[in-house]
Amino acid sequence: VFDFKAKAIHIYDSLSLYCIISDEDMNLLRNVFRSSGGLDGWTVVYPPQWKQQDSVNCGVLVCSAVENVVKQRESMTEALTVNQCRTLRLHHATQMLENVNPEDFPPTKQEMLAIKQKEVKLQGTEIKDTDSSIHCLSWRIRTCLFQRATGKNSVFHEHIKKYKWVQCTACKSWLHFECAGVTGDWASKDFFCGCSIHVDVKKIMEGVHADDILTDSEIKDLERNLQTGHILSNRMYLWKHKGFDPSLRKRYSEHVTVFDDMTTETIIQRLERVLSLSGTTSVDPHFITDVILPEALIQWLQTTNVICRFQAEDLLMKTKPFIDNE
Ligand SMILES: [Zn+2]
Ligand SMILES: [Zn+2]
Ligand SMILES: [Zn+2]
């Protein structure tokens, strides 16, 4: 724990394996904090704390140590018994579940199986219906804006009743206008879904800075358009209807960036800064990572590379899962 007021590092290790910081590690930390004083004049303390006597309750001890620090509770050096750990585990679990909506709980294994079976059945009948969203190219990567929720009859953006379709000149695949990200008249124009356009993601990412991803006003417009529904987004829909498709929500949340973790963090910081300046209420950091970040990148990918929305989504969905450090 870094206490910037007292200029002290407090070490917590319930197993008492690491009670000091080696010179080598200290140099590393000084380097990390070089722009904020380099930990000059700091001390390292190993305060009195609860000890662990087993090898399974690490998590319980970590949560307890954090809670004691945050709530400024003085604790004594004492070894916790199995019973004490059990009580603490229940306490932390209760705290964590307190503000969770019942519908936000992940489905059980049995529920998942039932959903899968229903999904297979529904797809069987849909394949024969020519206006079904199952024929949208975006369906294959689960980003179609009018697809059904997994294993349910209800569709995303149910208020849109009439679908317009555009066909790829090269591969003859079909996409909804919104899934392709096109408007206007395409009946006599060539449309390319991306099957014939190779995009080198690595090359696009080279030398890109957080400030290059849209302008401040474009970011504000994007947020407003997502809120009003002027721009359709499944991520936004799932943000508003969290229990609508939990498995898809999880999948989307793992594919929110085409950049490495470091660049992604700086982009997130920029989005937070821009949006908190425009609004009166503070922005939920998860709203940024789950909705604004991927949608901003999709818009940026579309405009800088002249590719359709489907191809931008495809690039995003192919990335390795991003771990939100928060
Ligand atoms: Zn452990
Ligand atoms: Zn579609
Ligand atoms: Zn195509």
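Student: Is leucine 214 buried or exposed?
Tutor: Happy to start there, keeping in mind that this is a predicted model. Leucine 214 sits in the loop between H6 and helix H7 (216-228). Its relative accessible area is 7%. Buried means under 20%, so leucine 214 is buried.

Student: What is the phi of leucine 214?
Tutor: Leucine 214 is not a glycine, yet its phi is positive. The value is about 60 degrees.

Student: Where do the buried residues of H7 lie around the helix?
Tutor: The buried residues of H7 are Ile219, Leu222, Glu223 and Leu226. Seen down the axis of H7, they fall within an arc of 95 degrees, so they line one face of the helix.

Student: What span should H7 have, and how far apart are its end C-alpha atoms?
Tutor: H7 has 13 residues, and at 1.5 Å a residue they should span 18 Å. That agrees with the distance between its end C-alpha atoms, which is 19 Å.

Student: Which residue just after H7 takes a positive phi?
Tutor: The phi there is about 90 degrees. The residue that takes it, just after H7, is glycine 229.

Student: Let's turn to H3. Which elements do its buried residues pack against?
Tutor: In helix H3 (residues 82-97), Cys85, Leu88 and His92 are buried. They cover an arc of only 65 degrees around the axis, which puts them on the same side of H3. On the other side, Thr87 and Leu90 are exposed. The buried residues pack against strand E4 (50-51) and helix H2 (58-70).

Student: Now the metals. Why is the site of the zinc ion (ligand 3) called tetrahedral?
Tutor: Its donors are the SG atoms of Cys168, Cys171, Cys193 and Cys195, at 2.2 to 2.3 Å. Four donors count as tetrahedral if all angles lie between 85 and 135 degrees. Around this zinc ion the angles are 105 to 113 degrees, which makes the arrangement tetrahedral.

Student: How many residues apart are cysteine 168 and cysteine 193?
Tutor: The donor residues of the zinc ion (ligand 3) are spaced C-x2-C-x21-C-x1-C in sequence. Cysteine 168 is in the loop between strand E6 (165-167) and strand E7 (174-176), and cysteine 193 in the loop between helix H5 (177-180) and helix H6 (201-205). The pair links distant parts of the chain, 25 residues apart.

Student: Are those two cysteines buried or exposed?
Tutor: Cysteine 168 has a relative accessibility of 1%, and cysteine 193 has a relative accessible area of 3%. The cut-off for buried is under 20%, so cysteine 168 counts as buried, and cysteine 193 is buried.

Student: Which residues coordinate the zinc ion (ligand 2)?
Tutor: The angles among its four donor atoms are 98 to 114 degrees, and the site is tetrahedral. The donor residues follow the spacing C-x7-C-x31-H-x2-C. At 2.1 to 2.4 Å, the coordinating residues are Cys136 (SG), Cys144 (SG), His176 (ND1) and Cys179 (SG).

Student: What separates the centres of domain 1 and domain 3?
Tutor: The domain assignment gives domain 1 (2-97), domain 2 (109-180) and domain 3 (201-317). Taken over C-alpha atoms, the centres of domain 1 and domain 3 are separated by 35 Å.

How values were computed
Residues are numbered from 1 along each chain as its sequence is written. Chains are lettered from A and ligands numbered from 1 in the order in which they are written. This is a predicted model: local features need pLDDT of at least 70, side-chain atom pairs count only at pLDDT 80 or more; totals for chains, interfaces and linings use all residues. Side-chain values use heavy atoms; hydrogens and water are left out. Domain bounds come from an automatic or database domain assignment. Donors are N, O and S atoms within 2.8 Å of the metal (3.2 Å for Na, K and Ca); water is not among the atoms, so sites may look incomplete. Four donors count as tetrahedral if all angles lie between 85 and 135 degrees; four count as square planar and six as octahedral if opposite donors are over 155 degrees apart and all others between 65 and 115; anything else is irregular. Helices (H or I, at least four residues) and strands (E, at least two) are DSSP runs, numbered from the N terminus. Buried means under 20% relative accessible area, exposed over 50%, partly exposed in between (1.4 Å probe, protein chains only). The expected span of a helix is 1.5 Å times one less than its number of residues. The arc is that of the directions from the helix axis to the C-beta atoms. Contact means heavy atoms within 4.5 Å.
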